[in-house]
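Hi,

Here is the structure I promised to pass on. Have a look, and then read on for what turned up in it.

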Amino acid sequence: MNSLTAAQLEAYLDEALPAEVMAAIEQELRAQSALVVRLAQLNAQRDAGLHTLGAIWRRWRLTCPGRQELGNYLLGVLPQDVAQYVAFHIDQVGCRTCRANLDDLKRQQRESTQEAVARRRRYFQSSAGRLVKR
Amino acid sequence: MSEPPDSDRLLIDRVRTGDNDAWQELIDRYEGRLLAFVENRLGKRDADDVVQETLVGFLTSLPNYDASRSLESYLFSIAAHKLTDQLRRDGRRPALSLTAADGESERDLPAAQRRVSSVAQSGERLAMEAAALAQAMSDILDRWREQKDFVKIKCQELLLVQGLPNKDVAKELSLTEQQVANQKFEFLARLRTAVKRQGLSEDVFPELYE
């Protein structure tokens with residue numbers, strides 16, 4: 001874990017790394033104060049108003065494929081070079097939001113409509129009370 | 001760059017009027033990806049709770065939502081906050097004093113960085129600076145994408161988003177270290193030009209002037 005770069009640690013602060021990497025960092029944080037110090041320094045830089053290009057790239061999702069492109073990736077109908085890039089972005093860079101979109105699309109393929117409708121209705125009932133005319 | 005499609009803008013307009021059907025439609029459109037985002041970090045029941053909190057959080061913050069921002073990105077950012085809260089409650093995400101509010105960590109910053117912090121920067125200014133840099137990077141990346149030059153995109157993504165050193169990027173992409181260094185130099189030079197053209201402070205983008 002000492003090999004984590006500053007860019008990756010900053011992504012940790014934003015809950016943006018792959019789940020297994022997030023969990024490994026959390027475990028490391030409990031045991032290693034040096035990592036705590038590195039994170040504190042990164043946070044201080046943010047508080048001081050400094051930007052990093054990686055964080056801007058990630059937050060503005062400059063290279064995230066659109067939902068439709070991810071669907072086409074799943075169907076295997078993207079041109080080879082584009083498909084290779086999507087795989088790189090998700091698997092190698094570890095884009096957490098694109099991974100979530102891809103997992104969701106896969107779930108849609110196997111989940112019954114009934115299950116999805118029930119879950120969505122539950123979300124509606126637990127939140128609609130906050131819906132107000134503005 | 002990720003911008004909201006017109007269908008999202010129209011949906012938000014309807015949600016703002018208190019339209020139940022629009023709210024259900026927004027949930028139908030986005031809950032699955034939000035659930036997928038949180039459920040690989042939490043058990044199913046907790047993941048469900050976090051998605052519910054995210055949706056309530058969205059409605060609560062709706063008066064402050066900037067419609068020019070991607071709705072999906074906004075929802076993911078709320079979900080990340082709610083997820084972090086849940087992980088802290090579970091004791092999984094260590095509750096560390098990570099902010100500079102106590103003045104401890106800021107002492108470790110180089111002088112130039114302390115100088116920046118001494119100038120109270122508003123949230124609007126930070127957002128404007130980030131948006132300007134995002135646009136400058138996006139312009140370059142879009143051109144490379146049109147040219148199908150994915151190696152250049154991958155090179156910058158590994159350097160900046162992953163923070164890998166030149167030699168690792170070179171090995172990953174079967175380039176020479178010199179080629180990686182040249183591409184990095186060219187990319188940063190274009191961004192420096194954009195910063196200068198827009199009259200932004202050089203001090204807040206330290207990577208550009210290392």
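A word on confidence before the rest: this is a predicted model. Within chain A, the lowest confidence falls in helix H3 (residues 33-47) of chain A, with a mean of 89, while helix H6 (residues 80-92) of chain A has the highest, at 98. Chain A as a whole averages a pLDDT of 93, and 98% of its residues score at least 70.

Next, the contact between the chains. Chain B brings 66 residues to it and chain A brings 58 residues. On the chain B side, helices that each supply at least two residues include helix H2 (20-39), helix H4 (71-89) and helix H6 (123-146) of chain B. The most comes from H2(B), with 10 residues. By class, the side of chain B that touches chain A has 33 nonpolar, 19 polar and 14 charged residues.

H2(B) also has a partner within its own chain. Helix H1 (residues 6-16) of chain B packs against H2(B) at an angle of about 135°, and their axes are 8 Å apart. H1(B) is therefore oblique to H2(B). The crossing of H1(B) past H2(B) is left-handed. Leu11(B), Arg14(B) and Val15(B) are the residues of H1(B) that meet Ala22(B), Trp23(B), Glu25(B) and Leu26(B) of H2(B). That contact is made of 5 nonpolar and 2 charged residues, with no polar ones.

Lastly, the domains: chain B is assigned domain 1 (6-89) and domain 2 (121-209). Taken over C-alpha atoms, the centres of domain 1 of chain B and domain 2 of chain B are 30 Å apart.

Happy browsing, and best wishes

Terms used: Residues numbered from 1 in each chain as written. Chains lettered and ligands numbered in written order. Predicted model: local features only at pLDDT ≥ 70, side-chain atom pairs only at ≥ 80, totals over all residues. Domains from an automatic or database assignment. pLDDT = per-residue confidence, 0-100. Helix = DSSP H or I, 4+ residues; strand = E, 2+ residues; numbered from the N terminus. Contact = placed C-beta atoms within 7 Å. Nonpolar A, V, L, I, M, F, W, Y, C, P; charged D, E, K, R; others polar. Axes fitted to C-alpha atoms, helices over the stretch in contact; angles between N-to-C directions. Parallel < 35°, antiparallel > 145°, perpendicular 65-115°, else oblique. Left-handed = near helix turned anticlockwise from the far one by under 90°.
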